[in-house]
Structures are given as structure tokens and as C-alpha cells.
Amino acid sequence: MTARRLDAAELELGGGLEVLLVAALEGLAPGGRIEVVSPSRATALELHGWARRAGHRTVGELMPDGGPYAVVVERGPTARVLADPIGPRREPPPLRAGGEFHSADLRDGEPAPGVAGAQRGFTPVRAVAELGAPSFHWALNDRDALWADDVAELAEQATRAQWDASRDVPWAAARDLPDHMERAVAQVMTFIAQNEYAALYVPAAFLPHVNPAYAEVVMWLAGHIHDEARHIEVFTKRALIGGYAGQALASTELSLKTLLEERDFSGAALLLNVLGEGTFLDLLAFVEHHAPDAATRAAAHLAHRDEVRHVHFGISHVRRRMAGDPDQRASLVAAAERRAEKLVEMSGLSPLLGEGLTIMAAGSLQPAELAEGARAVRDLMQTMEDNRIRRLQAAGFDLATSTHLSELHTPNLM
Amino acid sequence: MSRATAEVRVGCVAYHPRIVTIWESFLEHFEARSVPTDYILYSNYERQVSALLAGDIDIAWNTNTAFVAAEQQLGGEARILGMRDLDAEFATVIVTRRGETFEDAAALAGRKLALGSRDSGHAAILPLHYLREQGLDAESACELVRFDTDLGKHGDTGDSELRVVRAVADGRADAGALGEPTLAALRGERVPAVADLEVSWRSPTYYHCNFTALPSLDDGVAQRWFDALLAMSYDDPGQRQAMDLEGVKRWLPGDRTGYSALAAAMAAGAPET
């Protein structure tokens with residue numbers, strides 16, 4: 001058999017020659033040979049051990065005094081990696097305006113797999129998995145139970161919309177509010193921060209169960225979690241910046257605990273994203289509008305921007321899920337009813353929160369302004385209910401069901 | 001089936017915790033091939049050879065030094081039930097610092113030659129033997145720098161060879177002997193100590209480890225066990241990890257032709273085991 005010649009020139013093993021050798025041998029069928037020619041006797045002598053370790057063998061050598069030296073390496077029968085071949089080079093994924101490579105284009109128009117093997121590992125999109133890896137046991141392996149049609153674009157937007165709670169909020173502006181106002185704001189901020197914890201823990205609990213085949217969902221959830229971490233940060237900071245702290249209310253804890261108990265991804269999307277964060281959109285808009293200082297206003301504004309995305313995902317996911325599987329409608333309603341049963345002893349908005357919001361909207365403790373503030377809070381409650389029903393309809397529920405679900409929603413707002 | 005009643009008992013020396021990983025995997029393979037096998041660990045090859053001769057085990061996974069020792073005590077009647085592809089073309093290399101290579105073994109006279117454990121065939125006994133064949137009695141002509149670590153394990157741990165290359169790299173020795181696969185592994189792992197070392201000398205090839213059995217082992221059992229061993233496949237994802245740990249890509253039948261140099265060396269000089 002003739003051997004292809006490979007001129008090692010000055011390259012040594014461990015110094016780059018092995019890269020050339022591997023490339024040359026990979027291109028051969030088992031039994032194929034290359035003649036490696038080197039001016040170095042030491043390199044020629046060492047080739048035997050290298051070849052054996054790499055699964056090949058040497059089948060001849062020519063070692064004339066003074067060189068050059070030649071060793072014939074025969075490709076062994078074993079594959080270096082127990083995986084299917086990579087395949088030919090494809091047309092690369094498209095770029096968008098400005099040369100941007102969007103996550104939505106990762107699959108080049110092909111859908112994500114409908115079902116992914118529960119045991120597959122961390123295999124990136126299009127990568128070829130090597131056999132023999134340890135088995136995983138993912139719980140969420142069904143695309144439709146996780147997906148939203150715009151999930152990749154939403155993850156993309158989340159990355160683009162990152163902000164910095166330390167620098168992007170004019171903290172000094174919140175230093176000198178009057179006592180009564182600062183106490184009110186601190187209580188409202190504490191309440192929001194408390195809820196943001198749940199908004200983080202819910203997606204975080206699902207993330208490690210999502211099959212890695214759904215990279216877009218993994219990226220989305222990671223962004224969601226990161227958003228919530230910043231929300232915890234910004235509202236905790238706002239609660240503290242004026243020198244007071246608020247009270248973390250037991251009724252809020254009860255409500256949030258039941259949120260964490262929802263084990264179905266779509267159920268959690270309905271309860272957290274559509275209903276909880278949806279209701280918070282109106283709360284944050286209210287806080288932004290009535291904020292007594294620029295720091296509170298900025299915090300509410302920035303968080304609101306993120307929550308819009310989370311609510312969008314929830315609506316998009318629930319609508320797609322119910323459209324694909326009509327039985328889901330009943331399951332989702334049942335999830336909301338189950339939660340409501342656990343919250344049966346809760347009634348109405350927490351007085352502390354209601355008072356805090358009233359003072360913020362009033363701007364002072366003057367009777368006329370307080371009355372105005374109280375009216376604004378009542379209006380807020382109505383706006384929340386109207387918008388909840390509207391969002392539920394957008395998610396695919398009929399008006400009666402939407403109204404029913406909205407009525408079941410927790411008085412804690414989240 | 002309980003391993004306590006396994007049909008075949010294989011002895012192996014526990015030179016590293018990975019031996020357990022390897023054999024737990026191999027045992028599944030033998031079980032699946034209907035040759036229930038168990039393994040018994042020894043801390044040194046001398047005890048393992050004694051256990052083989054005493055019938056405590058049926059097969060010993062031996063180094064070449066241990067095989068020759070067993071063979072001598074069995075009057076040349078030991079049976080070989082397979083070896084790794086690696087074992088069939090084993091060699092020892094002598095490394096020197098960059099720019100200090102030699103072509104003739106005689107150049108080592110008067111120099112410091114580092115050797116691995118004195119009971120290692122590849123890192124001590126055979127390099128001395130082959131140099132002697134090439135006219136250099138290194139024991140008298142060279143200043144030997146010996147690293148006798150992990151005695152009883154016949155060089156399996158690789159510790160003494162790592163000390164050899166470090167001694168050459170930092171100038172405590174002018175040249176050092178080690179197994180060719182050890183150098184390839186150190187090179188592959190980019191161990192800094194070998195970065196500026198070059199191969200000056202390569203021994204003829206010889207055989208290394210094998211599965212040694214007593215001549216009294218039942219022919220049928222021996223054949224079934226041998227067939228199962230050779231059926232192990234590096235292309236089987238369930239077996240590749242253990243085979244990688246054992247350094248084998250393919251099991252081969254063994255024979256005794258590749259042990260004559262070591263047998264001669266051990267018979268001639270004190271085998272120093």
C-alpha cells in the first residue's frame with residue numbers, strides 16, 4: 001500500500017506535529033498509511049509511542065545516518081470519538097441587519113424537536129452527541145409544554161434590555177423624603193421585593209428540569225431569573241435608601257408559597273407570568289406614576305419594562321399550549337382553582353400595602369389629598385381586574401373563563 | 001448471581017483507585033457473556049503471584065515481571081489468556097535534554113542515567129538489559145540515579161518515571177529511561193517536565209502485561225473467558241471508558257515470545273523484585 005507523505009519539517013510531538021498527524025490520519029480509512037518525514041531522529045523515534053497511544057501503529061521506518069528519518073504510520077480501526085460524523089459544511093445561518101446573529105435563527109428555520117430524549121446531555125443545537133456519556137433524566141422533554149413561538153426573540157430582547165440597579169437609578173434623589181412618605185414607600189418597596197423573590201424562584205425551579213435540547217427556553221428562563229434578581233436588588237435598595245425598612249407580610253408569604261407549589265410549567269406560566277406579573281404591570285405603572293422621587297420612579301420604570309416581556313411570554317406560551325392541546329384549558333383552570341382554595345382565608349389587599357399606595361398617590365397626609373389617593377388605589381384595583389381579564393382573553397380563554405380566573409386571582413396581586 | 005460464587009476469579013494489583021472502576025465495568029461484560037467473574041485486589045504483584053500459585057485466584061492480571069516470576073516458579077508452564085494491544089509492542093525509551101541527544105548507547109558511559117523502580121521491567125530491568133546487549137554495562141559504566149518508588153507495583157503507578165523525567169529536566173541526571181507509553185501520555189497531557197526532553201534511544205519491542213493462568217485451569221472455562229475478553233469492543237460506548245482507563249483499545253491473544261529478553265535479564269542478574 002502506498003503511503004501519503006507528510007513532511008514534519010521542524011515540528012515536534014507536543015509542539016504541533018500531532019495536529020498535522022491527526023488531520024492526515026482522520027482523512028484515511030483504517031489501514032491507510034502516511035509516511036512521516038522528519039529531520040529529527042528524536043521525533044522519528046517518538047512517533048511509535050504517539051501512534052500506539054492514538055490508536056494507530058507504525059509499520060516501518062527508515063533511519064539513515066544523518067537523516068532525514070521516515071516512519072510509516074498506519075491508521076487504526078478505532079474512531080476517536082463515538083459519534084456520527086459532523087457532516088458537510090452547510091449554508092451558514094442568516095444574519096440580520098447590522099450583522100446581528102439572532103437566537104431565533106439558531107435552527108435556520110427548522111423547528112425545535114417535538115420531543116427530546118430524557119437522557120440526552122448538554123448537546124448544543126446541531127452538535128453531534130458522543131455515545132457513552134452518562135445518562136441524564138430531564139423531566140421537561142416536550143417542546144409544546146415549554147415553548148412560545150417568540151421565545152428566542154424574547155430571550156434576545158432580555159439580553160438587550162439589561163440594566164444596572166446600582167448605576168441606572170438616581171439613588172441620591174430618594175434621600176430626603178418626609179418621614180410619613182418614606183415609611184409608605186419603604187413598605188410598598190418591601191412588598192414588591194418580597195414578590196420578586198417568588199418571581200425568581202418559580203422559573204429557577206423549572207430551569208434545571210428543562211431538556212437542554214430546548215436552548216431557547218433555557219436562555220429565556222435564565223434571562224427571566226436574571227431580571228428578577230435585579231428586581232429583588234432594586235426594590236430592596238429602594239426600601240433601604242431612605243433609612244427605613246418595611247414589614248414582610250405573612251399573607252404575602254402564604255400567597256407566594258402557593259405559587260411555588262405549582263409544578264406544571266404551563267400552570268406556573270399562567271399563575272406567575274399572566275396573572276401575577278400581569279397584575280404587577282399595573283402596580284408598577286401606578287408606582288411609577290405616583291413616585292415621590294426619581295429613584296422610585298426609575299426603579300418601577302425599569303422593572304416594568306422587564307415585566308412586559310415576562311407577561312408576553314406567559315400569554316404567548318399559554319395561548320400556544322391551549323391551541324395545540326384543548327385539554328390544557330381545563331388543567332390550567334384547575335391550577336388556578338387549586339391555588340385559590342389554598343388562599344381561601346386571604347381577603348382583600350393587605351391594609352399596609354393599601355395604605356402605602358394611598359399615601360404615595362396622595363403625596364401628603366392632607367385629608368383632601370388622602371381621599372384622592374384612596375380613589376386612585378380603588379381605580380388601580382379596577383384597572384388590574386380589567387387588564388387581567390383582557391390578558392386572559394389574549395391568552396385564549398373566553399370571557400366567562402377569563403372573568404372566573406381573574407376573580408380567583410390572589411388578593412396579594414402575585 | 002452472587003459474585004462470591006463467580007466461576008472465574010481474577011487477581012489484579014490495586015495501583016490506583018481506578019482499578020475498581022475498570023473491573024466493575026469489566027465484570028458486567030463477563031457477566032453478560034455468561035462467564036461470571038470476580039476480581040480480587042492485591043497490593044503487590046509478589047502476593048498476587050503467590051495467590052495464583054496457591055490457587056486462590058484463577059487468573060492474574062500480571063506485569064511482565066510478575067509473569068516471568070510466575071513462569072519461573074511454574075517451570076515454564078504458565079498459560080497466557082490475552083494481553084492489551086499496548087502490551088504487544090511495548091518499548092522503553094531513553095530521554096535527554098533538548099540538544100543533548102546521543103545516537104550510540106556508548107555515549108552514556110560516564111553519564112548519570114535515571115531509572116524507575118527497580119522491579120519495573122520497562123523502567124529499569126529491560127533498559128539495563130538492552131543497553132548491555134548493545135555493549136554498555138550501565139550498572140558499572142554509568143552513575144545510576146534510581147527512583148525506587150512503589151516497589152511491588154512494578155512501575156504501574158508511573159510515579160518513578162515521572163521522577164525520572166523531572167531528574168533529567170532539572171539536570172540531576174543526563175538521561176532517563178521510561179516506558180514509551182508513559183512518555184506518550186506525559187506528552188499528550190502536556191506535562192511541563194517533558195517539554196524540553198527528546199528521545200535519544202528506543203529499545204526493541206517486547207511484551208508487557210498479560211492475563212496469566214495456571215496450566216490446571218479448565219480448558220473450557222479458559223476458552224470462554226478468553227473469548228469474552230477478546231469480544232470487548234472499544235467501539236462500545238459502555239466499554240470505552242473502562243478500556244481507556246486500562247489503556248487498551250483491543251485485546252489480543254498472548255504468547256510467550258515477547259518475554260524472552262526479560263526472562264533472560266531476570267535470570268542473569270538479580271531480578272531485584
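This is a predicted model: local features need pLDDT of at least 70, side-chain atom pairs count only at pLDDT 80 or more; totals for chains, interfaces and linings use all residues.

Colleague: Sheet first, then. In what order do the five strands of the open sheet in chain B come?

Modeller: The order is β2-β1-β3-β11-β4 in chain B, and the pairing is mixed. β2 (37-42) and β4 (79-80) of chain B are the edge strands; each has a single partner strand, so one side of each has no neighbour in the sheet.

Colleague: How many bridges join β1 to β2 in chain B?

Modeller: Six, and β1(B), residues 8-13, runs parallel to β2(B). To pick out one pair, B:V8 has B:T37 as its bridge partner in β2(B).

Colleague: Which strands does helix α2 of chain B lie across?

Modeller: Helix α2(B), residues 45-54, lies across β1, β2, β3 (59-62) and β11 (210-213) of chain B. Its direction is at about 160° to β1(B).

Colleague: Let's switch to helix packing. At what angle do α5 and α11 of chain B pack?

Modeller: About 80°, with the axes 9 Å apart; α5(B) is residues 121-133 and α11(B) is residues 260-268. That angle makes α5(B) roughly perpendicular to α11(B).

Colleague: Which residues make that contact?

Modeller: From α5(B) you have B:G121, B:I125, B:L126 and B:H129, and from α11(B) there are B:A261, B:L262, B:A265 and B:M266. Sorted by class, the contact has six nonpolar residues, two polar ones and no charged ones.

Colleague: Over to chain A. Which residues of helix α6 are buried there?

Modeller: In α6(A), residues 250-260, the buried ones are A:S251, A:T252, A:S255, A:L256, A:T258 and A:L259. They span an arc of only 155° around the axis, so they sit on the same side of α6(A).

Colleague: Why would residues a few places apart point the same way?

Modeller: An α-helix has 3.6 residues a turn, so residues three or four places apart point the same way.

Colleague: And what's exposed on the other side of α6(A)?

Modeller: A:A250 and A:K257 are exposed there. As for the buried residues of α6(A), what covers them includes α4 (179-206), α7 (265-290) and α9 (328-342) of chain A.

Colleague: How many residues does each chain put into the contact between A and B?

Modeller: Chain A gives 17 residues and chain B gives 25 residues. On the chain A side, seven are nonpolar, six polar and four charged.

Colleague: What is phi at A:D108?

Modeller: Near 55°, which is positive in a residue other than glycine. A:D108 is in the loop between β4 and α3 (151-160) of chain A.

Colleague: Is A:D108 buried or exposed?

Modeller: A:D108 is exposed, because it has 12 other C-beta atoms within 10 Å, and 12 or fewer counts as exposed. B:D150 also has phi near 55°, but B:D150 is partly exposed, with 19 other C-beta atoms within 10 Å.

Colleague: Last one: how far apart in space are A:A291 and A:M360?

Modeller: They are 6.6 Å apart, C-alpha to C-alpha, and 69 residues apart in sequence. A:A291 is in the loop between α7 and α8 (294-324) of chain A, and A:A291 is buried, with 21 other C-beta atoms within 10 Å.

Note on methods
Residues are numbered from 1 along each chain as its sequence is written. Chains are lettered from A and ligands numbered from 1 in the order in which they are written. Two strands pair if DSSP finds at least two bridges between them. Helices (H or I, at least four residues) and strands (E, at least two) are DSSP runs, numbered from the N terminus. Two residues are in contact if their C-beta atoms, placed from the backbone, lie within 7 Å. Axes are lines fitted to C-alpha atoms, for helices over the stretch in contact, and angles run from 0 to 180 degrees between N-to-C directions. Angles under 35 degrees count as roughly parallel, over 145 as roughly antiparallel, 65 to 115 as roughly perpendicular and the rest as oblique. Ala, Val, Leu, Ile, Met, Phe, Trp, Tyr, Cys and Pro count as nonpolar, Asp, Glu, Lys and Arg as charged, and the others, Gly among them, as polar. A residue is buried if 20 or more other C-beta atoms lie within 10 Å of its own, exposed if 12 or fewer, and partly exposed in between; C-beta atoms are placed from the backbone. The arc is that of the directions from the helix axis to the C-beta atoms.
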